[in-house]
Amino acid sequence: MAVVRFHLVSTLSPEDVLAVLTDFGPSRAQTWPTIDAKHFEVHDRGDTWAEVTEGTAAAWERARYEWEPGGDTVTITTLDSKLFGAGGGWVFRLTPGAEGTRVDVELTRHPTTVKGRMLAALLPVAAPPSLRKSFAGPLRAK
């Protein structure tokens, strides 16, 4: 199992960060650089959850998003993945601050393939800078 933790500071309010993380409309693939339209599908959704497949041909996952309106946490549980097993996923914790919102991110991966195990070994070192960069645009982070 690999666990990665990092944070970034968004210029958005916590409510706006929550809205970006939980917007599953047709523009999601344009908003997030790690999602392509061919690998984005909303399977089902409710007021406080969504089950989606998203990613790219190289790395996609089917996940369940859960959040509370006005809440400070978005939990994403991996249901299926090209590289990693079920379980694990993402947790985004939102804390209001003077300059916007501090977003604490935790990523947990359970590798099930040889390629997944190799990637999992690299995640703690290589992932934080690249993930910060991929989240900076959509979350308007500094």
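**Briefing: a helix across an antiparallel sheet**

Helix α1 (residues 14–21) lies across β1, β4 (60–67), β5 (73–81), β6 and β7, and runs at about 160° to β6. Here helices (H or I, at least four residues) and strands (E, at least two) are DSSP runs, numbered from the N terminus. Axes are lines fitted to C-alpha atoms, for helices over the stretch in contact, and angles run from 0 to 180 degrees between N-to-C directions. This is a predicted model, in which local features need pLDDT of at least 70 and side-chain atom pairs count only at pLDDT 80 or more, while totals for chains, interfaces and linings use all residues. Residues are numbered from 1 along each chain as its sequence is written, and side-chain values use heavy atoms, with hydrogens and water left out.

**Overall chain**

- The protein chain has 3 helices and 7 strands, following the pattern β-α-α-β-β-β-β-β-β-α along the sequence.
- The radius of gyration of the protein chain (taken over C-alpha atoms) is 14 Å; the globule rule, 2.2 Å times the number of residues to the power 0.38, gives a close value of 14 Å for 142 residues, so the chain is as compact as a globular protein of that length.
- Along the principal axes, the C-alpha atoms of the protein chain fill a box of roughly 45 × 35 × 25 Å.
- Of the 142 residues of the protein chain, 42% count as buried (under 20% relative accessible area, with exposed over 50% and partly exposed in between; 1.4 Å probe, protein chains only).
- Among contacts (heavy atoms within 4.5 Å) in the protein chain with a separation of 6 or more, 47% come from residues 24 or more positions apart.

**Sheet**

- An open sheet is formed by 7 strands in the order β1-β7-β6-β5-β4-β3-β2, with antiparallel pairing (two strands pair if DSSP finds at least two bridges between them).
- β1 (2–10) and β2 (41–45) stand at the edges with a single partner strand each, so one side of each has no neighbour in the sheet.
- On average, neighbouring strands of this sheet are turned by 20° against each other, direction ignored.
- β1 and β7 run antiparallel and are joined by 9 bridges; across this pair, Arg5 stands opposite Glu106 in β7.
- Strand β6 (residues 89–97) pairs with strand β7 (residues 100–109) in the antiparallel sense over 9 bridges, and Pro96 stands opposite Thr101 in β7.
- The covered face of β1 holds Ala2, Val4, Phe6, Leu8 and Ser10, whereas Val3, Arg5, His7 and Val9 make up its uncovered face.

- Helix α3 (residues 114–139) lies across β1, β6 and β7, at about 25° to β1.
- The largest nonpolar core has 36 residues, and Leu21, Val74, Trp90, Phe92, Phe135 and Leu139 have the most contacts inside it; such a core is a set of buried Ala, Val, Leu, Ile, Met, Phe, Trp, Tyr and Cys residues joined through side-chain atoms within 4.5 Å.
- α3 gives the most to this core, with 6 residues.
- Leaving aside neighbours within four places in sequence, Leu139 is in contact with Leu8, Ser10, Thr11, Leu12, Val17, Val20, Leu21 and Trp32.

**Val42**

- Val42 is in strand β2 and counts as partly exposed, at 31% relative accessibility.
- Not counting residues up to four places away in sequence, Val42 touches Phe24, Glu51 and Val52.
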